[in-house]
Amino acid sequence: MTAITLSQVSKVYGDVTAVHPLDLTIPEGSFFALLGASGCGKTTTLRMIAGLEEPTTGRVLLGEQDITALPPHRRPVNTVFQNYALFPHLSVHDNVAFGLRRRGITSVTKQVEEMLELVELGGLGRRRPRQLSGGQQQRVALARALINRPSVLLLDEPLGALDLKLRRQMQLELKRIQTDVGITFVHVTHDQEEAMTMADSVAVMYGGRVEQQGAPAELYENPRSTFVANFLGTSNLVRADVEDTSGPELTLTAAGSTLRLPAGRAPEGTARGSAVFAGVRPEKITMVAADAADTVPAGHNQLTGTITDAGFLGVSTHYLVSSPANPELAVYAQNTGLGARLTPGTDVVLHWQPEHTFALDASQAIDAGTEEATV
């Protein structure tokens, strides 16, 4: 079943289009993420679902009900913001009970205690917000929103104020809570790891449009644009010419090297003689010193280059390699303890399985979605 449907919803402020007409379907009971860089329109989209912004065009449906014209307080949705908005003069118990009491419910103790147990704050009901850590305050805000049993819970960058370790802990907690209560969560974030960790489905937004929507693994393994390829993790993209499309694999030429990939991982209609960006993720690549090139398995895609930088991160070493195909190819080598780490200045061969290669339309900006392009 469908919890939320956006049909041709857009938002225009004067001569600025924040959200271009979009169609979005959010399944009931799912953890759904709107992911994108600042200014992409994700928060505006969330606010239109909440009723805090009126769409310029289109309709917002909750199930079969058109709620486009309903004011926020009449929508069965609750929102948790980044700053939590807790009442400092009220106890944790009274913060959580606030929504119930506003609805005229006087016997709230049992419900509040159950909700505090759900967010693992049992026994802390008498404390004030200032006596809690940032993560605990976030849980109070969640409990206060969930106790009203909304059909949809909206989360606007809810973990942005937390430090990295606590944020990662809360990612797992949010997913656990969503699974326990079974309510549809719609989560806005600019953090790719956050979206990938928690969401069942992710809509990647760019320039007020949804670039691609799907399960995290599908978006990561099969990006359909350079923005998605670069914004979700790191991708190595090289410009290549299409030499052959006659079989189940496409044959490409990039800086004198021949690359192959499954035909299904290239844009539909890719023709012989056209240009594409061939892509491969850094962790899919194996790297050997040039004098060990004879160890490369037959049939692997190969590029040559020279290591320009190496950073040891414990679980892996991140290399940068300058190649005729791309001056900054990234390679992530897992720390398995087998063999010596290669050092800058070493001539190397990069190789990977053809099925780990994808192709994208070369008319796009090759750096879309990178940190340099999105700042």
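User: What makes two strands count as paired, and how many bridges join strand E3 to E9?
Analyst: Two strands pair if DSSP finds at least two bridges between them. In this predicted model, strand E3 covers residues 31-35 and strand E9 covers residues 201-206. The two strands run parallel, and the bridges joining E3 to E9 number 4.

User: Which residue of E9 is the bridge partner of Leu-35?
Analyst: E3 and E9 run parallel, and Leu-35 falls within the residue range 31-35 of strand E3. Its bridge partner in E9 is Val-204.

User: Which residue takes a positive phi in the hairpin of E9 and E10?
Analyst: The hairpin has 2 residues between the strands. A positive phi near 60 degrees is taken there by Gly-207.

User: How many residues of strand E9 are buried?
Analyst: A residue is buried when its relative accessible area is under 20%. Strand E9 is mostly covered, and of its 6 residues the buried ones number 5.

User: How many residues apart in sequence are the parts that the pair of Phe-31 and Phe-185 ties together, and why?
Analyst: The count of aromatic pairs comes to 4. Among them, Phe-31 and Phe-185 form a tilted pair, with 5.4 Å centre to centre and 50 degrees between the planes. Because Phe-31 lies in strand E3 and Phe-185 in strand E8 (residues 184-189), the separation of the parts tied together is 154 residues.

User: Are Phe-31 and Phe-185 buried or exposed?
Analyst: Phe-31 has a relative accessibility of 0%. Phe-185 likewise has a relative accessible area of 0%. Each value is under 20%, so Phe-31 and Phe-185 are buried.

User: What is the geometry class of the pair formed by Tyr-206 and Phe-227?
Analyst: The ring centres of Tyr-206 and Phe-227 lie 4.0 Å apart, with 15 degrees between the planes. Planes under 30 degrees apart count as stacked. The pair of Tyr-206 and Phe-227 is therefore stacked.

User: Which helix holds Phe-227?
Analyst: The pair links distant parts of the chain, 21 residues apart, with Tyr-206 in strand E9. Phe-227 lies in residues 226-231, which form helix H8.

How values were computed
Residues numbered from 1 in each chain as written. Predicted model: local features only at pLDDT ≥ 70, side-chain atom pairs only at ≥ 80, totals over all residues. Heavy atoms only, no water. Buried < 20%, exposed > 50% of the residue type's maximum accessible area, 1.4 Å probe, protein only. Phe/Tyr/Trp six-rings, centres within 6.5 Å; stacked < 30°, edge-to-face > 60°.
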